[in-house]
Structures are given as C-alpha cells and as structure tokens.
Amino acid sequence: PAAHGYSTGSSRHPWRQHAAEVDMSTAGASGISGDSYTVSVADRKYFEENGFVLLKQVVTEQELQTIIEPVYLKFMNGEVHVPGKDLCDMSGAHGRTPAEFSVYNVMLPRIYYPAWQGNVLEQRCKAIADQLRGGDMHIDFDQIFAKRASSADSAFLWHQDAAYWPPLESDTAAANCWLALSNVTKENGCLRYVPGSHLEPQLRRHRPVGKTREQSHAICTDVDESAERVVDVPAARGDVILHHERTLHCSYPNLSGEWRHAYILNLRKAACIAEERALGFNHSHNTQLNWDVFNKWS
C-alpha cells in the first residue's frame, strides 16, 4: 500500500560509512530443501566464530508474496487488532499515531493472527535454529519492524538480545531469525554486528534508552567503534540473518526514500520457553515482568 511505501526495490543513494561490509562470498551452499533449509558446514562455522550468519533466500519471492506479506500488510494497515503497547513506535517518540511511527513495531503478531502459525518460514527457521543451536528449538516470540522512510530517529542502538530477558536456570540458547522483506542497505537501516562478541564471558552492562519504560522499550550498551571491529550486513529480500542472543548488534536509521520492512522470529529451547511462561514472561510489552523489573539500572 502506498501509505507504507511497500517496495521490493533497492536503495539508489549509497550511505558512506567506515564500517566494513560483511563478505559472505566464501560461504557454502546453504539453501532451501522443501519446507526445510540446510545450513552448510561453512555457514555453521561462520556462525560459531562470529555469532551471526547471513543465509541467502530462505523464502522465495512467491512465498513472500503469497504467505508472508499478505499477513504482514494486515498488521501494517491496522486490519488486525493489536492490544496496548504491543503496537508501538520503538523510536521512543511520544504522541504519535501509528500512521506517524518512525519504527512501526508489532509484538507477537503470530499470536494475534493465529492462522499465520506453522507457515513455511517458521518451518525453515526452526530447521536452521536446530542446526545452529543444537536442536530442540521452538518459536518463543515474533515481531514486525518497519522503519519509515527518511526517519533519522529510526536507528537501533547497540545491544545484546539476552539483556532484555530474565535470568533463567535452563539453557538460554536463542536464534534470532531476521527476515528481510525489503532489499536492506546501509542507507535504509541494515544490521551491524561486532563479530565474536557472543564469546565474551559476560553480557555488557545495558541501560534504558529512555528515562522510563513509558518513553522507550529499548535498551542499549556501549561499543567503541574506533577500537572494535564492526561489520555491516546488507541483505536481499528473502534472506535471513540469524544471530546469537549475546551478539552485539545495532542498525542504521532509514534515510532512504522508502520504508524498510523486516520480520523477526526468535527461537529458544522448550524448557527455556516453559520457564519464561511460568514466570509470567511472554515478551509482550503489556506484561508487568520486563527488563526494568529483573535488572537494576544505574
């Protein structure tokens, strides 16, 4: 729809930055196998060493157009009711209507539209997560992230996903599967990573982006880009970037003339999900148990 500038086109104006761009040209032949997806030995090794991996063409153009986008656009157009804070502007801006959001975020869309569950993307992401994280991986939550065109406030600051979640007794391995629904470039908001940061013995100290949770659901930490290696990861429409729960990452703002669309599935071990739910934690922005309950911020 024109209201959201939905387009499969790539950016026309390159963003010049000092960060290196990830080179996956030496990656092995990962690819679709029916409703599954096979991760090559080379891509598995890349993930183990770097804490993220770009997997090409996890869903086909036809699958995007017939399975993923029709439901995604229902959420973008407000056709599916999303209660409370599970529809929000993750830029942290106040007083905006959904039509004005810079970062249009829907938490738990597959819960609010159950007919989407079990689709081919979910099946392939489970197969990928099982291969990279040792099996027994299941969908914990999902979300939509759409960055408005020409939105300087749509950047995500450096963070580790695990910093958002409560400490648990069970295996907390996670696989964050980030599906590009646009051709994603530096200019329109591609992901950036600190390779190998998932191997650090401790999570870095995080703090809220806003003064209160009402101001922003986001948290951040510090990365010295002059001293640490940073890579940018552009992705083509249909690609999935999978990262480890402890890998430092952020994203550029969308300074292009078109929306940048992405959809995320996060998978964790069955026992981990069960332990979260027993605590009352389901990743909804509407729950009382959230990061400023189980963390003490300085």
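Reader: Where does Leu203 lie?
Author: This is a predicted model, and in it Leu203 lies in the loop between β10 (191-193) and β11 (207-208).

Reader: Buried or exposed, or something in between?
Author: Leu203 has a relative accessible area of 31%. Buried would need under 20% and exposed over 50%, so Leu203 counts as partly exposed.

Reader: And what does Leu203 touch, leaving out residues up to four places away in sequence?
Author: Leu203 touches Gln160, Ala162, Ala163 and Arg246.

Reader: How far is Leu203 from Arg246, in sequence and in space?
Author: They are 43 residues apart in sequence, and their C-alpha atoms are 6.9 Å apart.

Reader: OK, switching to the core. Which residues touch the most other members of the largest nonpolar core?
Author: Tyr72 and Leu121 do, in a core of 70 residues.

Reader: Which helix gives the most to this core?
Author: Helix α2 (residues 61-76), with seven residues. There is also another core lying apart from it, made of six residues, including Trp158 and Cys250.

Reader: What caps the N-terminal end of α4?
Author: Asn119 does: one of its side-chain oxygens lies 2.9 Å from the backbone nitrogen of Leu121. After α4 comes Gly134, with a positive phi near 85°.

Reader: And how far does α4 reach from its first C-alpha to its last?
Author: Helix α4 (residues 120-133) reaches 20 Å, close to the 20 Å expected at 1.5 Å a residue.

Reader: Last topic, rings. How many aromatic pairs are there?
Author: The count comes to seven aromatic pairs. In Phe101 and Tyr104, the ring centres are 5.8 Å apart and the planes sit at 50°, so that pair is tilted.

Reader: Are those two buried or exposed?
Author: Phe101 and Tyr104 are both buried.

Reader: Which residues do ring pairs link into a cluster?
Author: Tyr46, Phe52 and Tyr193 are linked that way.

Notes
Residues numbered from 1 in each chain as written. Predicted model: local features only at pLDDT ≥ 70, side-chain atom pairs only at ≥ 80, totals over all residues. Heavy atoms only, no water. Core = buried A, V, L, I, M, F, W, Y, C linked by side-chain atoms within 4.5 Å. Buried < 20%, exposed > 50% of the residue type's maximum accessible area, 1.4 Å probe, protein only. Helix = DSSP H or I, 4+ residues; strand = E, 2+ residues; numbered from the N terminus. Phe/Tyr/Trp six-rings, centres within 6.5 Å; stacked < 30°, edge-to-face > 60°. Expected span 1.5 Å × (residues − 1). Polar contact = N/O pair within 3.5 Å; in protein donor to acceptor, adjacent residues only side chain to side chain. Contact = heavy atoms within 4.5 Å.
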